[in-house]
Amino acid sequence: MKICFVLNDVATEKNGTSTALMTEAHARGHEVFAMGVGDFSFHHDAPISINSTILPKNSKIKSPEKFLEALQGSKARKKKISSKDIDVLFIRNNPTEEDSRQWAEQAGVAFGRMIQQEGVLVLNDAYALSHAFIDKLYFEELPQDIKPDSIITRSKEDLLDFWEKQNKKMVLKPLEGSGGKDVFLIDENEKNVNQIIETISSQGYVIAQEFLPAVKDGDVRVLLMNGRVMEQDGKKAIIRRVSGEGEFRSNFKLGATADSSDLTDDMKRIVELTAPKLIRDGLFFVGLDIVKDKLIEINVLSPGGMERFKDIGLPTFTDVVIEAIERKVEYKKMYKGTLSNRTLATMD
């Protein structure tokens with residue numbers, strides 16, 4: 001199998017879920033290509049070409065840390081490939097990290113659509129990613145029963161009205177973004193409510209969300225594959241993110257620590273209500289962030305957290321993901337083009 005991973009930029013990639021998956025695919029003998037969102041080339045009379053970075057086939061690298069080091073070092077080489085020569089394009093870049101490169105935000109998904117039209121298996125389905133490009137808007141399409149109360153607007157008056165209805169306690173964040181950046185807990189003691197609202201709304205739409213007291217215990221990231229919780233050796237791909245002292249945001253980038261968690265009945269219900277839509281839309285690999293009985297965020301663009309599993313005694317699950325992709329490539333060959341990319345993307 002020839003699999004190409006779309007990253008923000010190969011040179012600046014940090015060790016995480018994408019690196020772990022690339023390492024697993026390489027260890028299984030597949031040809032692994034890495035590329036940044038600026039490495040596509042299009043000409044009207046030829047397939048899209050990709051300026052990829054690869055490691056020698058005989059490189060025996062088993063740890064993600066060493067793999068990334070080699071990929072960014074002298075062992076790696078550049079290779080221009082045709083999109084027609086790969087079996088899978090795995091879109092793993094995070095648009096919300098492109099603070100200074102607005103052109104890069106949608107490039108991975110846009111070129112992914114074109115490559116999908118050329119008959120390459122694209123994961124997650126590129127058209128589904130286009131529809132769900134803003135995770136928080138896609139989130140709002142899910143059943144209200146499993147979500148906190150919220151409002152999306154740029155109107156300060158509407159936000160203040162929502163705040164009053166929430167007994168002057170709400171979470172405020174930009175509609176586009178991740179990693180806990182510009183996320184505020186606004187309570188009755190906040191003296192700069194107007195300034196905070198004006199600052200965030202100057203960047204675009206704002207989402208105000210009901211505050212969930214249970215967030216003091218952190219949130220839980222549940223990784224789904226083909227609409228099901230990933231499982232290996234009886235263990236599920238679930239990790240609790242516990243926020244640091246005095247911090248309500250449960251982001252690893254902000255110092256949260258990893259802990260284990262069982263799959264509760266509330267989590268099962270959220271998965272059961274979310275999965276049919278994910279499967280229908282062709283979203284193969286998705287992360288759900290849950291606080292008690294509420295889904296607070298959905299990650300369809302570049303779900304992560306797998307690099308933390310070893311810290312809490314869980315398997316890496318990387319082989320589970322790559323094996324699933326191997327099956328999809330086999331299904332594609334067997335069905336000889338009669339199945340859509342969207343269908344293949346979520347086939348077990």
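**Overall form and interior**

Author: The radius of gyration, taken over C-alpha atoms, can be set against a globule rule of 2.2 Å times the number of residues to the power 0.38. For 348 residues a compact globule would have a value near 20 Å, and because the protein has 20 Å, the two agree. This is a predicted model, in which local features need pLDDT of at least 70 and side-chain atom pairs count only at pLDDT 80 or more, while totals for chains, interfaces and linings use all residues. Residues are numbered from 1 along each chain as its sequence is written, and side-chain values use heavy atoms, with hydrogens and water left out.

Reader: What does the C-alpha trace span along its principal axes?
Author: The C-alpha trace spans about 60 × 45 × 40 Å.

Reader: How many of the residues are buried?
Author: Buried means under 20% relative accessible area, with a 1.4 Å probe and protein chains only; such residues make up 52% of the 348 in the protein.

Reader: Which residues touch the most other members of the largest nonpolar core?
Author: In general, nonpolar side chains in soluble globular proteins tend to be buried together. A nonpolar core is a set of buried Ala, Val, Leu, Ile, Met, Phe, Trp, Tyr and Cys residues joined through side-chain atoms within 4.5 Å. Here the largest has 47 residues, and L89, V222, L288, I298 and V300 touch the most other members. Apart from it lies another core, of 39 residues, including L71 and F317.

How values were computed: Buried means under 20% relative accessible area, exposed over 50%, partly exposed in between (1.4 Å probe, protein chains only).
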